[in-house]
Amino acid sequence: MVFFSGAGISAESGIPTFRDPLTGLWALQDPEKLETANAFREDAALVWGWYLWRRAQVSRALPNAAHQAIAQLAGTREVIVITQNIDDLHERAGSEQVIHLHGSLAQPKCFACHRTPTAFSFEEPNAREGLRIEPPRCPRCNGKLRPGVVWFGEQLPAAEWKRAVLAVKDCDVLLSIGTSGVVFPAAEIPTIALRAGAYVVHINPVQVAHPSNRELCLVGRATEIVPALLSLIGLPIDDRVERPVP
Ligand code: APR
C-alpha cells in the first residue's frame, strides 16, 4: 500500500492548498513571483519572507486524523508515503517512510553552490505574509540561502523520484489523497500505478478522475474518509463487511 498526498491532506490542519478556488495560495498570489528561480533572483527577500511565513503556518499546524491514520497503519504493515507537500505533518504524525517529491521547508540550501548548511536555525518564527526578509548567507560560499523546495521549472530530486516510482510499480493499492493532479511529473504517480496493475483510490472532495475498473474516487474530505477506510484494513476480515465506508 502506497500513499500519494497533496496539499489537500493538510487543508484540515489549517494549511492552505494552492488551487482551491477561494482559499488556495494561487488564488491570492502569483506562483511565478514566488515559486521560481527567477522570482528568487528578482526579489530574494520577498521569496524568503514568503517561505518563512509558510513555515510559521506549518509550525502552528498539527497533523490531522488523515496523517495519523496513515502513520498508525504503518504499525501493521509496510507503508510508504509519497508527498508533494513541503510540510512535515506526515512525519510529525509518526510516518517514517516519507518521500518528499517537492522538497521540504525543513532544510534550506544555497542558491549558488547548492550545498545544504549543516547547523541552520530559522529566525523570524512569526513571519507575516508579504513581509520581505533578506535570506541568510551560505557559510561556505556566502551565496544566498533559498528554501530546500522544488520550484516550477526545476527537476525533482532524482533519488526521491526513483524511490517513488519503484514503490508505486511494486504496490497493490495506491491511495491518492488531496491532490489536483495537475503538476507533473508528480501527477504521473497514479498513472504509473495503474499501468503497473495496481488499484488507485482518489480521496478528494472533488471527483478528480473518471472511475474505471481499477480506479475509483471516494468523494469527501481526507479526515472523513482516510481513517474510516484504514480502520477497515486494520480489522480482522469478518468485521470489514459490517462497516461500509461512509
Ligand atoms: N481533503 C482532501 N482533499 C482536499 C481537501 C480535504 N479536506 N481540501 C481540498 N482538497 C483537494 C482539492 O479539491 C484539490 O484537488 O486538495 C487538492 C489540492 O490541490 P492543489 O491545491 O493543486 O495542491 P496539489 O495537488 O498538492 O499541488 C501540487 O502544485 O503549486 C504546486 O508545488 C505545489 O506541490 C504543489 C503542486
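This text walks through the structure from its strands to its ligand and then to its loops.

The model is predicted, so local features need pLDDT of at least 70, side-chain atom pairs count only at pLDDT 80 or more, and totals for chains, interfaces and linings use all residues. Residues are numbered from 1 along each chain as its sequence is written, and side-chain values use heavy atoms, with hydrogens and water left out.

Start with strand 6, residues 173-177. Helices (H or I, at least four residues) and strands (E, at least two) are DSSP runs, numbered from the N terminus. Four of the five residues of strand 6 are buried. Buried means under 20% relative accessible area, exposed means over 50%, and partly exposed lies in between (1.4 Å probe, protein chains only). Strand 6 pairs with strand 1 (residues 2-5) in the parallel sense, over four bridges. Two strands pair if DSSP finds at least two bridges between them. In this pairing S5 stands opposite I177. Strand 6 also pairs with strand 7 (residues 199-204), again in the parallel sense, over five bridges. Here V173 stands opposite Y199. Between strand 6 and strand 7 the chain passes through helix 8 (residues 189-195), and this β-α-β crossover is right-handed. That term means that, with the strands pointing away from the viewer, the path from the first strand over the helix to the second runs clockwise.

Now turn to S10, in helix 1 (residues 8-11). S10 counts as buried because its relative accessibility is 1%. Its side chain makes a polar contact with the side chain of D87, at 2.8 Å. A polar contact is a pair of N or O atoms within 3.5 Å; within protein, one must be able to donate a hydrogen and the other to accept it, and residues adjacent in sequence count only if both atoms are side-chain atoms. Leaving aside residues up to four places away in sequence, S10 touches I15, N64, H67, N85, D87 and L89. Contact here means heavy atoms within 4.5 Å.

N64 caps the N-terminal end of helix 5, with a side-chain oxygen 2.8 Å from the backbone nitrogen of A66. H67 is one of the buried residues of helix 5 (residues 65-73), along with A66, A69, I70, A71 and L73.

Next comes the ligand. It is surrounded by 23 residues, and the closest are F18, R19, T179, S180 and N204. A residue is near a molecule if one of its heavy atoms lies within 4 Å of it. An N or O atom in the side chain of R19 is 2.7 Å from an oxygen atom of the ligand. For T179, a polar side-chain atom lies 2.7 Å from a ligand oxygen. For H102, the corresponding distance is 2.8 Å. The protein covers 93% of the 740 Å² of accessible area that the ligand has on its own. Such areas come from the Shrake-Rupley method with a 1.4 Å probe; for residues, only the protein chains shown count as cover.

The loops hold some backbone exceptions. Most residues other than glycine have a negative phi, and most peptide bonds are trans. A cis peptide bond joins F184 and P185, with omega about 5 degrees. P185 lies in the loop between strand 6 and helix 8. H114 has a positive phi, near 65 degrees, and lies in the loop between strand 4 and strand 5. H114 is exposed, at 56% relative accessibility. N142 lies in the loop between strand 4 and strand 5, with phi near 70 degrees. N142 is partly exposed, at 49%.
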